[in-house]
Amino acid sequence: LQFLYFIVFLLQKTSYPKKLFSKMAKAARRAASKKGGSRRKANTSRFNTFINRVNKNAKKGLTLSSKSVKILNSFVLDMFDKIATQAAAVARANKKSTIKAAEVQTAVRLQLPADLAKHSISEASKAVTAAFK
């Protein structure tokens, strides 16, 4: 359970997904504007630096092997994909074209188990209030 709190904390503290969306949008625009059959670059988004940064803040003397960082990275990407897909489905069901915080919160409630969803939503709201102070 603490491991999942760690992952939720990691997702809250990073602004990386915002950058990821803007990069993906730019790449999609470039691919649409090109008429040739050029291949699109594979999405190689990684959370490795953020995983190590959060781990350093959580435990001073503890380090992670590269294999464990790869496993955590794939877990974070998988959870991010599941929550984003669920939030898009919630927005589509409500006939909205924008995914806002309410849709993400609903997606987290639907995707995660009850206790973990409650704790992650409370931690996320704390992180958002701390970010806007």
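Start by selecting S120 and A117: the S120 side chain reaches the backbone oxygen of A117 at 2.9 Å. That is a polar contact, meaning a pair of N or O atoms within 3.5 Å; within protein, one must be able to donate a hydrogen and the other to accept it, and residues adjacent in sequence count only if both atoms are side-chain atoms.

Before going on, some housekeeping: this is a predicted model, where local features need pLDDT of at least 70 and side-chain atom pairs count only at pLDDT 80 or more, while totals for chains, interfaces and linings use all residues. Residues are numbered from 1 along each chain as its sequence is written, and side-chain values use heavy atoms, with hydrogens and water left out.

Stay on S120. Is S120 buried or exposed? At 5% relative accessibility, S120 counts as buried (buried is under 20% relative accessible area, exposed over 50%, partly exposed in between, with a 1.4 Å probe and protein chains only). S120 sits in helix α6, residues 114-131. Helices here are DSSP runs of H or I with at least four residues, strands are runs of E with at least two, and both are numbered from the N terminus.

At what angle do α5 and α6 pack? About 155°, with their axes 8 Å apart; axes are lines fitted to C-alpha atoms, for helices over the stretch in contact, and angles run from 0 to 180 degrees between N-to-C directions. The two helices are therefore roughly antiparallel (over 145 degrees; under 35 counts as roughly parallel, 65 to 115 as roughly perpendicular and the rest as oblique). To see the contact (heavy atoms within 4.5 Å), show Q105, V108 and R109 of α5 with A117, S120 and I121 of α6. By class, that makes three nonpolar, two polar and one charged. Ala, Val, Leu, Ile, Met, Phe, Trp, Tyr, Cys and Pro count as nonpolar, Asp, Glu, Lys and Arg as charged, and the others, Gly among them, as polar.

Next, step back into the loop between α4 and α5, where you'll find K100. K100 is exposed, at 54% relative accessible area. Draw a C-alpha to C-alpha distance from K100 to A88: the two are twelve residues apart in sequence and 9.7 Å apart in space.

K95 is in the loop between α4 and α5 too, and K95 is exposed at 77%. Check its backbone: K95 has a positive phi of about 60° although it is not a glycine. For context, most residues other than glycine have a negative phi.

Move on to L77 in helix α4, residues 66-93. L77 is partly exposed, with a relative accessible area of 25%. What does L77 touch, not counting residues up to four places away in sequence? S45 and F47. Select R46 as well: R46 and L77 are 31 residues apart in sequence, yet 8.0 Å apart C-alpha to C-alpha.

Last pair: helix α3, residues 48-58, packs on α4 at about 110°, with axes 9 Å apart. So α3 and α4 are roughly perpendicular. Show N48, I51 and N52 in α3 meeting V69, L72 and N73 in α4; these residues divide into three nonpolar, three polar and no charged.

Finally, zoom out. The chain has six helices and zero strands, and 25% of its 133 residues are buried.
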